[in-house]
Structures are given as C-alpha cells and as structure tokens.
Amino acid sequence: MVGKFTAIITKEPKWYVAHCIELGVVTQGKTIEEAKDNLKEAVELYLESFGTEDLPQTSGEIILYPLEVATCG
C-alpha cells in the first residue's frame with residue numbers, strides 16, 4: 001500500500017526543513033534532496049511505530065499563498 005501525504009520544504013539559514021503536514025513529522029537536511037530523503041525515512045519510521053490505521057491522507061488540493069500580517073515593533 002502507498003500512502004500519499006503532503007510535504008513542504010522550507011529554506012532556513014543553514015538547513016532545508018521538511019514537514020509532512022498530515023502526520024506532523026518534521027526533519028531537515030543540508031540539501032533539498034537530503035531533506036526529502038530524511039522526511040521519507042522519518043515518515044516510514046512514524047508509520048512503523050504508530051501503524052497505518054485511520055491515517056489522514058492528502059486531499060490532493062494544496063493552496064499556498066503569501067500571507068501578510070501587521071506585526072508589533
């Protein structure tokens with residue numbers, strides 16, 4: 001069985017940080033490819049530990065947009 005999840009990678013000053021949105025799994029890597037590989041491994045370990053029953057899966061629709069909010073200071 002193949003589970004489909006949403007992954008987002010953000011660039012931090014020294015790392016790429018990869019998030020699996022549905023499971024709350026987060027990891028990092030020095031390159032995008034390393035972050036992707038690490039996230040795949042982390043999700044596999046999560047599924048081994050917690051099982052695969054009642055897993056949330058991506059709806060297939062992803063909406064990203066820039067959000068501007070006023071900040072104090």
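Figure 1. E44 lies in helix α1, where helices are DSSP runs of H or I with at least four residues and strands are runs of E with at least two, numbered from the N terminus. This is a predicted model, in which local features need pLDDT of at least 70 and side-chain atom pairs count only at pLDDT 80 or more, while totals for chains, interfaces and linings use all residues. Residues are numbered from 1 along each chain as its sequence is written, and side-chain values use heavy atoms, with hydrogens and water left out. E44 counts as partly exposed because its relative accessibility is 40%; buried means under 20% relative accessible area, exposed means over 50%, and partly exposed lies in between (1.4 Å probe, protein chains only). A surface patch of negative charge gathers E33, E34, D37, E41, E44 and E48. Patches consist of residues with over 30% relative accessible area and no salt bridge, with like charges joined within 9 Å and nonpolar side chains (Val, Leu, Ile, Met, Phe, Trp, Tyr) joined within 5 Å. A salt bridge is a side-chain nitrogen of Lys or Arg within 4 Å of a carboxyl oxygen of Asp or Glu. Asp and Glu count as negative and Lys and Arg as positive, whereas His and the chain ends are not counted; each charge is placed at NZ of Lys, CZ of Arg, CG of Asp or CD of Glu. Accessible areas come from the Shrake-Rupley method with a 1.4 Å probe, and for residues only the protein chains shown count as cover.

**Figure 2. D54 and its separation from E44.** D54 belongs to the segment after α1. With a relative accessible area of 77%, D54 is exposed. Between D54 and E44 there are 16 Å from C-alpha to C-alpha, and the two are 10 residues apart in sequence.

**Figure 3. V69 and the nonpolar surface patch.** V69 is located in the segment after α1 (32-50). Its relative accessibility is 59%, so V69 counts as exposed. Together, I63, Y65, L67 and V69 make a nonpolar surface patch of about 500 Å².

**Figure 4. T6 and the residues around it.** Apart from neighbours within four places in sequence, T6 has contacts (heavy atoms within 4.5 Å) with H19, C20, I21, E22, T58 and I62. E61 is found in the segment after α1 and is exposed, its relative accessible area being 58%. The C-alpha atoms of E61 and T6 are separated by 9.5 Å, although these residues are 55 apart along the chain.

Figure 5. The segment before β1 holds G3, which counts as partly exposed at 33% relative accessibility. K4 and E22 are 18 residues apart along the chain, and their C-alpha atoms are separated by 9.6 Å.

**Figure 6. T27 in strand β3.** Strand β3 (residues 25-29) contains T27. T27 counts as buried because its relative accessibility is 19%. When residues up to four places away in sequence are not counted, T27 touches Y16, V17, A18, A35, N38 and L39.
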